[in-house]
Structure formats: structure tokens, C-alpha cells
Amino acid sequence: MSSQTTINVFLEEQNRKIEALYKPVLISHWMAATTGEKEWSEKHKKALSQYFANFSDPKAYKAVLSYREDKQVNPLQRRQLDDLYNMMVKNQLDPSITAKTMELEKAISHEFNTYRPILKGKEVTNNEILDILKTSIDSEQRKGAWLASKQIGKKIENTVLQLVYKRNKDAQALGYDNFYKMSLDTQELNIDELFKIFNKLKVLSDEPFRRVKDEIDAELSIKLGVTKEKIRPWHYVDPFFQEAPPVSGIDLDQNYKNKNLEQIVISTFESMGLDIKDILQQSDLYPRDNKNPFGFCTNTDRRGDIRVLVNIDESVFWATALLHEFGHAAYFKYIDEKLPFILRFHSHSLTTEAIAMFFGRMTKRLDWQQRFLKVEQLENLDPSIKKMMQRQMLVNARWIITFCYFEKEMYENPDQDLNKLWWELVQEIQFISPPEDTSYPDWASKMHFSLAPVTYQDYMLGELTASQLQIYIENNIANDLFVPEVGLYLKEYFFKDGALLNWNEKIKRATGENLNPRYFINQFL
């Protein structure tokens, strides 16, 4: 038997195994999210454990390592072997070792799910804290709410640090410098290239962000009755300044009153030649008791059973979420069915995020609102809408850069004064004056550092990709986005080949060059 035949037999077996284990994970997750029943959560946990156990098989891992060295491997085989390697290398530790990591994660997750901040001697919810930060004009009340939002950081700090040390130790046992480097490598992200992009984005956005930040601070100064010099973290609309405050005088929600959002999203995609009606019919769109209150898209079998969960009402927030999630859905739908199961997926989460963001941005476009919301006389609001979009993009970009710089430093040197580092970065990148006491572990109150590590960079890379795609389309395909030629282009050059290409190869194939932050910068700065 030739080496090519041997490799094909091995890959066919792996595709069968993974496909059989995959669907129970996604279906049980969907049922848990739509019913709230503990039984489905337990089934999901069990299915997930069985799925990952498949990637811990040392014999299969050894075969992957051997086959990757074969110089006769063709591109289709190479992509499958690389995907298997990236999944398997992280799962080669003894189960007793990984169990200890899972115990720490479970303890932190329990705290996030059950802890209730104390404000003025009373337990409050996170939503109540956010409401105060969005509406209160009392600085002392805002400060109390902001401090309350950070209480969980102190409670879990030691456990989070134990988890960081444990993750690093495990990664080093697998031959990596640290957990952060391992996570990026197995996501096919080069750490030097990633931070070259972020450094460029930071430098080029310094002055535009400073202008926007000064403008926001001037508005807050008037609204809250404090001098700009006295503005502190609790004066912004969320605890980490990752959201921009609304532009005065704009209420986009009024444009969604008595509108059929289902038909609007169908019409938006149909205008581009993308049919999502079948996905909409099997989705769960409206809020109810015991249903997950957020939103996501799931590709349950990679064979066409694609579903979206949202909780829509007549608001710009949920219209944006609906378009965002159906962006994910369209991507999944048009992946080539002839690809092996392993490759019938996005090439990287940043590529599917890019498409979701591309569509989610529609609600801030004048042409989309006029065509699909049938709203007249919006021209006078167009400058304010663009300003709102620029604000949000800049504020969010600077927040993500702050997060990623800190996360990288934390894993590279967890022994340093992390609290001091956090506020130095916040001050340097987000231009926020720190509170009087910077010895508190405010950073630890952000769940992603502990429970969703090394994922935040994908949101920024997705935004950069969305801008690069949009500008390429407008310059080379059609100035009007809402024509069939745009959908045809996306299907052929971005959706169809699934994970057959590396994420940057996919971007280059679609736009003629690798990911370049200048398109985002030109669009929003």
C-alpha cells in the first residue's frame, strides 16, 4: 500500500470518527440553550468530553506527526493533517493533569455564574450595574457601581493565577514556551505578525482616538458635572470602556418600530443572491423563559442543519445581532459539501467573524436603512451615524489592543505586578486616568482572561478583515453592496473553500493581499 493510500485511509477514518462525535456536541448545546434544562447541559458536557477524548489518542497523534513529514502529501491532505495536529497537540497530556486544569476552570466559572456584587450593602446584578453606568449622573453612585463590578476580581484572583501557572506548565510539557504561544500557534496565528498588526494599528489610531476620547470626555464633563481632569473609569458606559457612549440626538431604535425584522434580514441577503430562508425557519428568534438570553449561530452537522439563536425585539441592537448571526449562517451554508468533514468549516474563527461583522455593520449604513427599513429623510443624520460608527470602532479597537497586550504579558511573565501592568496599559492605550488605588485586580473581573483565553484577538482581526473585504468589493465588484454579484463573489472566493486554505491565504485569494490594517484605518480613522 502506497503512503498516499495509507494517509487517505487514515484521514477517512478520522473524518468518520469526528463527524460521529461532532453532532451530539452541537445538538445538546442547542437544546440546553433553547430549553434551559439541566439534562441537556449534562448531555452536552458528556458529548464534549467524548469529542475531545478522540484527539488525545497517542497512536493517532503519532500517525499525524509521521504523515506531516511525508513530502508527497498533497494540499488537501496537508490541511486535514494540520487541523488534526492543532487539535491533538493540546490534548496529549495525561487526563489526570488536564483534570486539575478543568477543576480550576470549573471553580472560576461557578464564581462568575453565582457571585452577586454588593452595592450599598445589597446584592445587585451585573445588569443593574450597567444600568447605573449608562444612566446615572451621580458620580459617587457610578463609582460605587464600578467598584462593585470589580469585586469578583479580588475573589478569584488567586485561582486565576493558579490557572495561568498551570496552563503554562502544561504548555511547556508539550514543548511550547507558554500557554499563550501554544494557543496562537495552534490557531495558525504567528505571534510576531499578530503584534506587528496591533502595533501598527495602535500607532496609526493614536491621534484619531485621542480626538474621539477628548470629545467623549467633554460630553461626559457636561453631562455629569465633573471637570475633564477628574473623569475616571466609572464615568464611562461600561466597566472596561469597550463601548462608546451614544452620540447625542440619535435614536436609531425608532426606525425599527413595527418592522418585520425576519423579512428585512431575508431581503438583505436575497439582494446579494444569498438564500437564508431555510435557516431562518429552523432558528429560534424570540425571547422566552429559560432560553439563553444572548445570540449565536451553530452549524450542527456541517451538512446543512444550520441554526441561529437570538432574542429579537424592535431595536437596532437585535437587528444588528440578527444580521451578524446570519452572516455566520450564510458562510456555513455555502461551504463546498464535497470537502472532507474536517474542512467543511471556517478556516479560522476570525474569517467567519469577519463576515458576521460585515453584515452586522449594515444597520449603521444610510443606504441599507433607506432600502430595507424604508426610512426617509435620514441624510441629515448620516454624519452623526458615521460618527457613532467611528467612535465605536475606535473605542473597541483600543480596548482589544489593551486586552491582548496584557494577556500576552501575563502568560509570558505571570510573576510581575499584574495590577500595575494593567493600569499602565489602560492609561497608555485607552487614555483612561486610573483610580486612586491600582493595587486591586480589576483585570481579573473580565471573564475572558480566565474562561475564554487567547480568543479576543479574533474580534479585532475579524473587524480588519471585514473592512478589507468591503473596500475590495466596492472597488472591484460593485459599488452597491446589495446586488447578486456581491453574493457570488463571497460564495466563490470566501465561503466555498471552507478550511481548505489558511486564513491569510483565504484573505489573499479574496482581496489580492494578506490581511492589512490600513483598510480599517482608512475606513474609520
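Close-up 1. N290 is exposed, with a relative accessible area of 58%, where exposed stands for over 50%, buried for under 20% and partly exposed for the range in between, computed with a 1.4 Å probe on protein chains only. In this predicted model, local features need pLDDT of at least 70 and side-chain atom pairs count only at pLDDT 80 or more, while totals for chains, interfaces and linings use all residues. Residues are numbered from 1 along each chain as its sequence is written, and side-chain values use heavy atoms, with hydrogens and water left out. The loop that holds N290 runs between α12 (277-281) and β3 (296-299), helices (H or I, at least four residues) and strands (E, at least two) being DSSP runs numbered from the N terminus. The phi angle of N290 is near 65°, a positive value in a residue other than glycine. F431, in the loop between α17 (418-429) and α18 (448-451), likewise has a positive phi, near 60°, without being a glycine; F431 is buried, at a relative accessible area of 17%.

**Close-up 2. The buried side of helix α3.** Along α3 (residues 58-68), the buried residues are A60, Y61, A63, V64 and Y67. They cover an arc of only 160° around the axis, which puts them on the same side of α3; the arc is that of the directions from the helix axis to the C-beta atoms. An α-helix has 3.6 residues a turn, so residues three or four places apart point the same way. The face of α3 turned away from its buried side carries the exposed residues P58, K59 and K62. Among the elements that cover the buried residues of α3 are α1 (3-35) and α4 (75-88), with contact meaning heavy atoms within 4.5 Å.

**Close-up 3. Helix α1 against helix α4.** The axes of α1 and α4 come within 11 Å and cross at roughly 55°, the axes being lines fitted to C-alpha atoms over the stretch in contact and the angles running from 0 to 180 degrees between N-to-C directions. This makes α1 oblique to α4, since angles under 35 degrees count as roughly parallel, over 145 as roughly antiparallel, 65 to 115 as roughly perpendicular and the rest as oblique. From α1, the residues Q4, I7, N8, F10, L11, Q14, N15 and I18 meet Q77, Q80, L81, L84 and M88 of α4. By class, this contact has 7 nonpolar, 6 polar and no charged residues; Ala, Val, Leu, Ile, Met, Phe, Trp, Tyr, Cys and Pro count as nonpolar, Asp, Glu, Lys and Arg as charged, and the others, Gly among them, as polar.

**Close-up 4. Helix α19 beside helix α21.** Helices α19 (residues 456-476) and α21 (residues 503-511) pack at an angle of about 20°, with their axes 10 Å apart, and are therefore roughly parallel to each other. T465, Q468, L469 and Y472 of α19 make the contact with I507, A510 and T511 of α21. The residues of this contact divide into 4 nonpolar, 3 polar and no charged.

**Close-up 5. Helix α6 against helix α7.** The axes of α6 (residues 126-135) and α7 (residues 139-149) come within 9 Å and cross at roughly 145°. I129, I132, L133 and K134 of α6 make the contact with Q141, R142, A145, W146, A148 and S149 of α7. The contact of α6 with α7 has 6 nonpolar, 2 polar and 2 charged residues.
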